[in-house]
Amino acid sequence: MLAVDARDLRKTFTSGWWGRRRTEALRGASLQVPRGAIYGLLGPNGAGKTTLLSILATLLLPDSGSATILGHDIVREAMAIRRRLNMASGNASFVWSLRPAEVLTFYGGLYGLHGPVLRQRVERLIDQCELGPHRKTEYNALSTGLKQRLALAKALINEPEVLFLDEPTLGLDPDVSIRLRAQIATLRRERGTTIILTTHYMREADELCDRIAFIKSGQILAEGTPDELKRQIRIGDVVVLRLEPVVPAALADQPGVLQVHVRGEQVECAVDSSEKRLPELLRWLHEQGVLVRDCQVHEPELEDVFVEFAR
Amino acid sequence: MNSLAEALAREPLPREPWSAELVRTWAFAYRNIIMARRNVFFVFELTFWPGVAMLSHGLLTRFLHLDARMTAFILVGTVALSAVQICQLDVAYAVLFDIWSKSMKHQFLTPIGIRHLALGSWLVGVARGVVVFLLMAGIGSWSFGFDFIGGGPGPLALFLLGCFLTSLVIGLLVCSLVLLFGTRAETSAWAAVNFVVMLSGIYYPISVLPGWVQTVSAFVPLTYFLDAFRQGYGFEPHYSHAWLRGFVLTAFYVALAHWGLAAAITRSRRTGLLLKLSE
């Protein structure tokens, strides 16, 4: 069962006099997100991540293409879908004079919540997001971390089935980011919420996401689990060796060796598969009379995948 | 076959209780009330400017040695301007608060309609408008012996209702302009009302306006409300059935303004302005 099914979404923004400047933000983006998944959208600045998220959240109208959320069309049935989704962004902002509970009460009201249900939900979110000690503080006086936690609390006020998070940990201290990530993971585990997030932090995406889409220039270039994507770019594994007395010149010509970089005492060999090539390399080096002082294998990080696609 | 499978896969939307409609409307009133309670400038706009307007216009009538009838003519206009201005600001705040705090997208991410936004904020505007009226009535009565119920309580109630409905239309117009043109249109929140009252014969009969301007005035509901209310103070009416014409015209404009704001929101979703106003 798909929570989100987007097909060939396109969006062009116009600006300047008579709309002469045109920016193609999305050029046929398609994605399918299964129910209950945490789905990451990665890509460089200006790739179209926020545009895609905003279209799916019904904040923007697409020029063409179609998308459904929980089986309902995002344009024709937008009003009904809005009851079941919510969004938080890293640069969220609320009316300056409202206190945390008032922000939640206001938005809760807009979702039609009232009475004891609303009061209990506001209290629970204030507790969950550790906003209790700041109950009397007006929004403008909250720190960045607290504002972000309030943004997440606001995004949970209607207990959404689909939650969009746009750079949720942007500018947060590491300890706050870790707690926020834990909260996001708990949401999916305990409530089965489908979460679609954009982030610039590869570790965050690697840790949280079941599947990831790389988006660049308004197009989705690759999609899969973090491991599938690492394999997909075929940058292979890196075998780091410390050799004595010298690095044999023929090392780069060995089967499966893609690249060789000598960095000081170490030599980095990019190989297609460390499992297959490492025994062969060690055997060959032994035959050449080279002593292997140290040997480490590095698998590619999601960051390497990002760099490869963003290039 | 395919469409049948799709239809079966669609998850039904739970039916909402009717109370959700009232709650959404109340949410906008709730926010405006908190803001009015907590910000000094709201108290200022509620007391200072209306007070200054009533005193300065009252003193002007003294200086010009105007009789009770002419004093009433002027001060009715003063009350109308302040009541309309205060009330329309509250309606405009439904969007302006979000513009100023860059939180526009959160509001329009929720399942709200124009009716919730307009009615909730308008009700607070009406309450604040009544406070302004009472304050001005007190000052006018105490300082210049002006009787605001001189035209009768019924016409007074109709007059205030007319003023507040005019405010709703102006407020919705301001919201639409802001959603069409962004922060550049903010000043319209203050400018629009002055333009409308100028056309409606606020301190003068519309007969003194140039002919073509009088034609334009005939399209402003406040023109009829002022004309009808002033009849109670002995002035000859400019229009027949002024109350009826005023309210019919207002109903038309409320529907038009509602449609206009809905169209402006759709356009801002298309152009991306809705997101830009949140950055």
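A residue counts as buried if 20 or more other C-beta atoms lie within 10 Å of its own, as exposed if 12 or fewer do, and as partly exposed in between; C-beta atoms are placed from the backbone. Keep that scale at hand for the tour.

This is a predicted model: local features need pLDDT of at least 70, side-chain atom pairs count only at pLDDT 80 or more, and totals for chains, interfaces and linings use all residues. Residues are numbered from 1 along each chain as its sequence is written, while chains are lettered from A and ligands numbered from 1 in the order in which they are written.

**Stop 1: the sheet in chain A**

Select S11, S12, S13 and S14 of chain A. Helices (H or I, at least four residues) and strands (E, at least two) are DSSP runs, numbered from the N terminus. Two strands pair if DSSP finds at least two bridges between them. The four strands form an open antiparallel sheet, in the order S12-S13-S11-S14. S12 and S14 of chain A are the edge strands, each pairing on one side only. On average, neighbouring strands are turned by 20° against each other, direction ignored. Axes here are lines fitted to C-alpha atoms, for helices over the stretch in contact, and angles run from 0 to 180 degrees between N-to-C directions.

S12(A), residues 257–263, is joined to S13(A) by six antiparallel bridges. Show His261(A): its bridge partner in S13(A) is Glu268(A). Then show Val260(A), whose partner in S13(A) is Cys269(A). The hairpin of S12(A) and S13(A) has two residues between the strands, and Gly264(A) takes a positive phi near 60° there.

Move to S11(A). Antiparallel pairing links S11(A) to S13(A), residues 266–271, over six bridges. Arg242(A) stands opposite Gln266(A) of S13(A). S11(A) also pairs with S14(A), residues 291–298, in the antiparallel sense over seven bridges. There, Val240(A) faces Gln296(A) of S14(A) as its opposite residue.

Which side chains of S11(A), residues 237–244, point to the buried face? Asp237(A), Val239(A), Leu241(A) and Leu243(A) do, and they are buried.

**Stop 2: helix H6 of chain A**

Select residues 174–191 of chain A. H6(A) has 18 residues and reaches 25 Å from first C-alpha to last, close to the 26 Å expected at 1.5 Å a residue. The expected span is 1.5 Å times one less than the number of residues.

Colour Leu180(A), Ile184(A) and Leu187(A): these are the buried residues of H6(A). They cover an arc of only 55° around the axis, so they sit on the same side of H6(A). The arc is that of the directions from the helix axis to the C-beta atoms. An α-helix has 3.6 residues a turn, so residues three or four places apart point the same way.

What do the buried residues of H6(A) pack against? Select H5 (144–155), S8 (194–198) and H7 (202–208) of chain A to see their packing partners. Contact means that the C-beta atoms of two residues, placed from the backbone, lie within 7 Å. Turn to the face away from the buried side: Pro174(A), Asp175(A), Ala182(A), Thr186(A), Arg189(A) and Glu190(A) are the exposed residues there. Just after H6(A), Gly192(A) has a positive phi of about 70°.

**Stop 3**

Go to Glu130(A), in the loop between H4 (115–128) and H5 of chain A. Its phi is near 55°, positive in a residue other than glycine. Glu130(A) is partly exposed, with 15 other C-beta atoms within 10 Å.

Next, find His241(B) in the loop between H10 (221–231) and H11 of chain B. Phi of His241(B) is near 45°, again positive in a residue other than glycine. Is His241(B) buried or exposed? His241(B) is exposed, with 11 other C-beta atoms within 10 Å.

**Stop 4: where the chains meet**

Show both chains. 34 residues of chain B are in contact with 33 residues of chain A. H2(B) gives the most to the side of chain B that touches chain A, with 11 residues.
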